[in-house]
Amino acid sequence: MNIVVIGGGAAGFFGAITSAEANPEAKVVLLEKTNKLLSKVRVSGGGRCNVTHNCFVPTVFSQYYPRGARQLKEAFKLFGARETVEWFAQRGVKLKAEADGRMFPVTDSSETIIDCLQQQARKAGVQVRTSAAVESIKPVEEAGQTRFILTLSNGESIKADKVLVSTGGNPKSQGYDWLRQMGHSIQEPVPSLFTFNVPSSPLKDLQGVAVPHARVRIAGQKLEYEGPLLITHWGYSGPAVLKLSAWGARHFYEQKYTFTALIQWLPEHTEESLRGELQQFRQAHPKKTVATNALFGLPQRLWQGLTQLAEVAEQVRWGDLPAKNTNKLVEALLRMPVPVSGKTTFKEEFVTCGGVELKEVNMKTMESLVQPGLYFAGEVLDVDGITGGFNFQAAWTTGYLAGKAMA
């Protein structure tokens, strides 16, 4: 049996290794169009490779996917984070969990994961070819069976009984045309995981200032996310913004990345509790200047920036703070409006939402319901997770299930 895997990323390697291990008789060939293998694995997590997330309950794990949550729930029961940790451990790679749940190899180097995958592929007998771009896949009937003829850009033809497409996400819609020609519907690709550009940000001089816990809400929408927030010279970043961008990816695209975000610097406070604490401080320390004494554990520079937004004069003391400035300070702390105009994506860790429609795929085997013998894994599917190891877990899971089913 000939199995061909298209795409040399995480999902492709996992699918190829699983197939070859499950059926040693099969001839498994992996084709990568560039001369680089596992390039996203190499740059992920700042070169440490965020392999998965420390959560072993499939129903909970699946909630971290803006697209694909329902369909992945069953897939994670078959092969989830626990199985991923075990898979690598059995092959000599131990993973560790960090406080925020992200899991990395104990070596803190993505090369450990790359070496492991390449070694396992060699051991299982997978033939890996680089600079081998597939131009077309054509199904042909032979002796009552569907097979495939793959034509490479150099004119070479390869015959396959089963084909796994794990070509990753494509930012351009026409990148999926060859799959449309095979009868598949495609959800239009749009960027996911990006930072907010705020050219007119009153806090842009505070670049590098971060808070460990803020809430970012989109005005007029139910979209919001909490987490660490970072002020940059172009706007706002950090997990709270990146994760919110994933949940709102289609909405932001439709808005042409122009909308108002509201930042709550103190998400644990209601207006009532905040006013109460400000009043207590005012009574206890009437002679302290407002601008130079940061409250609530906020960084001093940020506190000063927020008091400027509230038009609090530099030398004003708490005992002399007018009510209208107190009101403005409360607004700045709980609902600071941020006019977003544009986005910045991380080129190396670029994620798209969109891809092959999930209703056209059997999510237990990853086989196409449109074209038997054709399988999908990874970001080519309309599946994407927030940051934290979720996109890689989707790659391992779908690659494993496709590999098993093809074998």
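Accessible areas here come from the Shrake-Rupley method with a 1.4 Å probe, and for residues only the protein chains shown count as cover. With that noted, I looked up the surface and found that the chain exposes about 17,900 Å², of which carbon and sulfur atoms supply 49%.

I remind myself that this is a predicted model, in which local features need pLDDT of at least 70 and side-chain atom pairs count only at pLDDT 80 or more, while totals for chains, interfaces and linings use all residues. Residues are numbered from 1 along each chain as its sequence is written, and side-chain values use heavy atoms, with hydrogens and water left out.

Next I checked burial, where buried means under 20% relative accessible area, exposed over 50% and partly exposed in between (1.4 Å probe, protein chains only); by this rule 52% of the 407 residues count as buried.

I then listed the 13 helices and 22 strands of the chain, which are DSSP runs numbered from the N terminus (helices H or I, at least four residues; strands E, at least two). In helix 5, residues 81-90, I found Ala81, Thr84, Val85, Trp87 and Phe88 buried. Seen down the helix axis, these buried residues fall within an arc of 160°, so they line one face of helix 5; the arc is that of the directions from the axis to the C-beta atoms. Just after helix 5, I noted that glycine 92 takes a positive phi of about 85°.

Last, I searched the whole structure for disulfides (pairs of cysteine sulfur atoms within 2.5 Å) and found zero. For cysteine 49, the nearest cysteine sulfur, that of cysteine 116, is 11 Å away.
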